[in-house]
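Take a look at the structure below. We will go through its core, then its charged pairs.

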Amino acid sequence: MGFEINKLVVAVLVTVLLIFGISKISDIIFKVNESGIVAYKVEVPTGTESGTKAESDVDLSSFLALGDIVYGEKIFKKCAACHSINKDGKNKIGVKLYNVVGRVSGAISDYKYSNALISYNKTWTFEELNGFLIKPAAWIKGNKMGFAGLKNDKDRASVILYLNQNSDNPQPLP
C-alpha cells in the first residue's frame with residue numbers, strides 16, 4: 001500500500017514540474033516584449049473623429065435612393081414606442097418627431113432634452129439624421145436616447161424619408 005502512495009505522489013510531482021518546466025521553456029523560446037500596452041494602435045484619418053462622424057460620409061442621393069417611405073413607416077414602429085410622428089402629436093418618453101428634418105436639435109420648448117442634445121445645437125439634416133440613427137450614443141455622447149441604432153442602410157434611409165415626409169415643409173431630396 002505504501003508503494004502505491006509513493007507512485008501517486010511522484011506522478012503528481014512530475015506533472016507539476018512538467019507543467020512549470022514547459023511554461024518556463026516556452027517563455028525562453030517565445031520571448032514576449034511586455035511594454036504594458038494591451039491594444040493595437042489604429043490610425044484614424046485626419047479630419048474625422050474615431051468612427052462616428054466618418055460613418056456618415058456617404059453620397060446622400062445614392063443613400064436615400066435605397067429608402068422607401070412605406071417601408072420607413074413600418075420601421076418607424078420601433079420608434080413609435082417613444083416618439084410621436086403626428087402633426088398634433090404629443091411628446092412621449094422621446095420628443096415628437098413631426099417637422100424634425102430641418103429643425104435645430106433641442107428646439108422643442110415643452111420637452112426636457114439632455115444637456116448633450118441642447119448643447120449639440122445643429123440642424124437635423126439628412127446627414128445628421130443618418131449619423132445619429134447609426135448609433136445615437138456614439139453620435140452625440142451623453143444623450144439620453146437608449147436606442148442601439150439602425151445598422152441597415154435601407155432601414156435608416158427609409159426612416160429618414162418617412163420623417164421628412166411627416167413635415168409641414170419637407171426638405172428637398174439631394
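Which residues does Leu 163 touch, not counting residues up to four places away in sequence? Leu 163 touches Phe 76, Ile 85, Leu 97, Val 100 and Val 101. Here, contact means heavy atoms within 4.5 Å.

A word on the model. It is predicted: local features need pLDDT of at least 70, side-chain atom pairs count only at pLDDT 80 or more, and totals for chains, interfaces and linings use all residues. Residues are numbered from 1 along each chain as its sequence is written, and side-chain values use heavy atoms, with hydrogens and water left out.

Now the core. A nonpolar core is a set of buried Ala, Val, Leu, Ile, Met, Phe, Trp, Tyr and Cys residues joined through side-chain atoms within 4.5 Å. Buried means under 20% relative accessible area, exposed means over 50%, and partly exposed lies in between (1.4 Å probe, protein chains only). The largest nonpolar core has 31 residues. Leu 163 is among those with the most contacts inside it, and so are Leu 64, Phe 76, Leu 97, Trp 124, Ile 140 and Ile 160. Five helices, α2 (60-65), α3 (69-76), α4 (115-120), α5 (126-134) and α7 (153-165), each supply at least two residues of this core. Helix α7 gives the largest share, six residues. Helices (H or I, at least four residues) are DSSP runs, numbered from the N terminus.

Next, the charged pairs. Side chains of opposite charge can pair when their charged atoms come close. A salt bridge is a side-chain nitrogen of Lys or Arg within 4 Å of a carboxyl oxygen of Asp or Glu. The structure holds three of them.

Start in helix α1 (residues 2-29), where Lys 7 and Glu 4 lie three residues apart, about one turn of the helix. Their side chains meet in a salt bridge (3.7 Å, N to O). Lys 7 is partly exposed at 44% relative accessible area. Glu 4 is also partly exposed, at 49%.

Move to helix α7. Asp 153 and Arg 156 form a salt bridge there (2.5 Å, N to O), and about one helical turn separates them because they are three residues apart.

The remaining bridge joins Asp 168 and Lys 87 (3.2 Å, N to O). This pair links distant parts of the chain, 81 residues apart. Asp 168 sits in the segment after α7, and Lys 87 in the loop between α3 and α4. Asp 168 is partly exposed at 49%. Lys 87 is exposed at 58%.
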